[in-house]
4 protein chains.
Amino acid sequence: MNINKYVDISTLDKEAKRDYIDRHSAFIFCDKTATAGKKLKVKIKIGDEYMHPDDFDHYIAWVQLWDGEKNLAQANFTAGSLGSASNNLEVDFYIVPTKNMKLTAMAFCTKHGLWQSDEVVVEVK
Amino acid sequence: MNINKYVDISTLDKEAKRDYIDRHSAFIFCDKTATAGKKLKVKIKIGDEYMHPDDFDHYIAWVQLWDGEKNLAQANFTAGSLGSASNNLEVDFYIVPTKNMKLTAMAFCTKHGLWQSDEVVVEVK
Amino acid sequence: MNINKYVDISTLDKEAKRDYIDRHSAFIFCDKTATAGKKLKVKIKIGDEYMHPDDFDHYIAWVQLWDGEKNLAQANFTAGSLGSASNNLEVDFYIVPTKNMKLTAMAFCTKHGLWQSDEVVVEVK
Amino acid sequence: MNINKYVDISTLDKEAKRDYIDRHSAFIFCDKTATAGKKLKVKIKIGDEYMHPDDFDHYIAWVQLWDGEKNLAQANFTAGSLGSASNNLEVDFYIVPTKNMKLTAMAFCTKHGLWQSDEVVVEVK
């Protein structure tokens with residue numbers, strides 16, 4: 001299976017490619033340090049400068065949160081259920097960490113396949 | 001199927017029952033008014049004063065967000081994946097509303113079945 | 001939440017209503033007796049005489065298998081992913097039963113909400 | 001993310017490794033030719049000669065069916081919900097194909113991560 005990886009769009013020449021890459025890329029936002037036993041908010045967001053459609057035949061159907069090779073959570077969406085407007089899809093999960101984590105997000109677009117975020121390392125004390 | 005409904009625990013006499021009801025109840029937190037086309041954050045939280053286990057054989061396996069009879073989103077969790085600590089499970093979804101909504105959350109506990117939140121009406125202008 | 005229940009369509013007068021009810025109804029097919037520790041096939045099928053669309057804006061997004069108040073499994077589908085042809089959606093799960101079961105199927109149509117099958121009792125020896 | 005791939009265990013020397021690889025491997029069983037518009041049964045099965053546990057802390061949490069880069073369906077399981085007996089997990093999906101397909105299965109074990117099957121090409125006439 002082809003897993004598309006995040007690319008820094010400032011390195012890309014073509015506007016169409018920047019748009020395509022950016023609006024499919026999954027990003028993780030969370031604190032890089034956390035306390036064992038204390039809840040940590042982890043935001044997954046799809047796209048940064050560009051927005052993805054939420055059309056019936058073209059939408060982000062699900063996103064997953066991983067810690068290394070362990071799947072922590074998955075959010076599924078129904079076509080057009082979030083409003084049918086182009087947007088930067090977001091979902092926030094909350095983890096109670098016990099040890100250091102290597103978080104990755106995966107997102108599935110019904111037209112353009114699977115996209116993997118950069119890894120975010122969280123140090124847990 | 002039996003769907004357990006939220007009960008105001010201040011109306012309950014027995015501590016054990018207050019604990020049982022509270023830690024399984026799903027709550028929705030969001031603004032009660034929203035603007036059409038603008039992203040709205042909708043938090044689902046399980047339990048208020050009491051926390052639910054995240055044990056391998058007893059955990060909240062999934063939560064769903066509904067608008068009336070339409071399922072908007074579902075988040076699935078793997079046993080113990082959120083840290084194996086008792087906690088008030090949370091997940092935030094983001095909707096771009098187009099019209100008034102009647103939001104309900106459903107949560108599934110692997111030992112104690114299905115729990116439905118109170119409905120939250122959102123007026124969309 | 002409104003949960004639509006199965007209705008025997010031979011009791012219904014109007015063709016439009018028979019069609020509507022039948023093509024949304026979830027049915028469970030399995031042996032009514034099973035052996036503890038031996039795999040049991042459980043088929044969920046949506047509709048009997050009438051077929052449901054698999055359109056992008058109108059499809060069966062998921063089906064669930066329940067034993068009493070315990071959710072055993074859920075299958076999720078992407079809009080149009082099964083071929084975009086009207087059909088009687090099917091999925092087969094396989095259970096290794098340990099004790100008597102009361103199986104129920106739930107199906108979610110993106111336009112017409114939640115549908116619950118009749119309960120099927122399986123005696124496990 | 002590390003995606004484990006199927007290995008023909010007859011090429012492996014060590015029994016422990018044959019067991020480990022075999023019981024996690026996902027296999028697709030279906031006819032290699034299909035008729036457009038006619039329902040096709042596609043079985044996903046985990047393991048061949050060896051069985052995987054269905055323990056609360058070690059189970060197959062989900063399997064996915066893909067056609068190339070398109071995710072067709074996903075089945076999720078609750079820990080121990082299928083009987084808590086070691087077994088070769090199976091699920092059957094039914095597709096109404098429209099054109100040639102390249103089917104792949106992905107399975108997620110809560111202890112040993114993601115496993116991808118060999119690709120099965122289906123010619124659709």
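**Ground rules**

I count two residues as in contact if their C-beta atoms, placed from the backbone, lie within 7 Å. The model I am looking at is predicted, so I take local features only at pLDDT of at least 70 and side-chain atom pairs only at pLDDT 80 or more, while totals for chains, interfaces and linings use all residues. Residues are numbered from 1 along each chain as its sequence is written, and chains are lettered from A and ligands numbered from 1 in the order in which they are written.

**Entry: chains B and C**

I started with this pair and found 11 residues of chain B in contact with 11 residues of chain C. On the chain B side, β5 (60-67), β8 (101-109) and β9 (113-116) each supply at least two residues. I take helices (H or I, at least four residues) and strands (E, at least two) as DSSP runs, numbered from the N terminus. The top contributor on that side is β9(B), with 3 residues. By type I get 5 nonpolar, 5 polar and 1 charged on the side of chain B that touches chain C. My classes: Ala, Val, Leu, Ile, Met, Phe, Trp, Tyr, Cys and Pro are nonpolar, Asp, Glu, Lys and Arg are charged, and the others, Gly among them, are polar.

Copies are superposed by least squares on the C-alpha atoms of residues with pLDDT of at least 70 in both. I also noted that 100% of the interface residues of chain B are interface residues in chain C too, so the copies meet through the same surface.

**Entry: chains A and B**

Here the contact takes 26 residues from chain A and 26 residues from chain B. On the chain A side, β6 (70-77) and β7 (90-95) are the elements that give two or more residues. I see β6(A) giving the most, with 8 residues. The side of chain A that touches chain B divides into 12 nonpolar, 10 polar and 4 charged residues.

Chain A goes onto chain B by a rotation of 180° with 0.0 Å of shift along the axis, at RMSD 0.0 Å. The two copies are therefore related as by a two-fold rotation axis. Which residue of chain A comes closest to the rotation axis? I found Ala75(A), with its C-alpha at 2.1 Å. Since 100% of the interface residues of chain A are also interface residues in chain B, the copies meet through the same surface.

**Entry: a sheet shared by A and B**

I traced an open sheet of 6 strands, with antiparallel pairing, in the order β2(A)-β4(A)-β7(A)-β7(B)-β4(B)-β2(B). Its edge strands are β2 (26-29) of chain A and β2 (26-29) of chain B, each pairing on one side only. The twist averages 20° from one strand to the next. Two strands pair if DSSP finds at least two bridges between them.

Within chain A, β2(A) and β4(A) (residues 40-46) are antiparallel over 4 bridges, and Ile28(A) stands opposite Ile44(A).

**Entry: β6 in chains C and D**

Strand β6(D) (residues 70-77) is mostly covered, with 7 of its 8 residues buried. Buried means 20 or more other C-beta atoms within 10 Å of the residue's own, exposed 12 or fewer, partly exposed in between, with C-beta atoms placed from the backbone. β6(D) pairs with β6(C) in the antiparallel sense over 5 bridges, and Gln74(C) stands opposite Asn76(D). β6(D) also pairs with β5(D) (residues 60-67), antiparallel over 6 bridges; there Leu65(D) faces Ala73(D) as its opposite. I noted that β5(D) and β6(D) form a hairpin with 2 residues between them, where Gly68(D) has a positive phi of about 60°.

**Entry: helix α1 in chain C**

Which residues of α1(C) (15-24) are buried? I listed Ile21(C), Asp22(C), Arg23(C) and His24(C). The buried residues of α1(C) pack against β1, β8 and β9 of chain C.

**Entry: confidence**

The model scores ipTM 0.94 and pTM 0.95. Chain A has a mean pLDDT (the predictor's confidence in each residue, from 0 to 100) of 92, with 100% of its residues at 70 or more.

Terms used:
Axes are lines fitted to C-alpha atoms, for helices over the stretch in contact, and angles run from 0 to 180 degrees between N-to-C directions.
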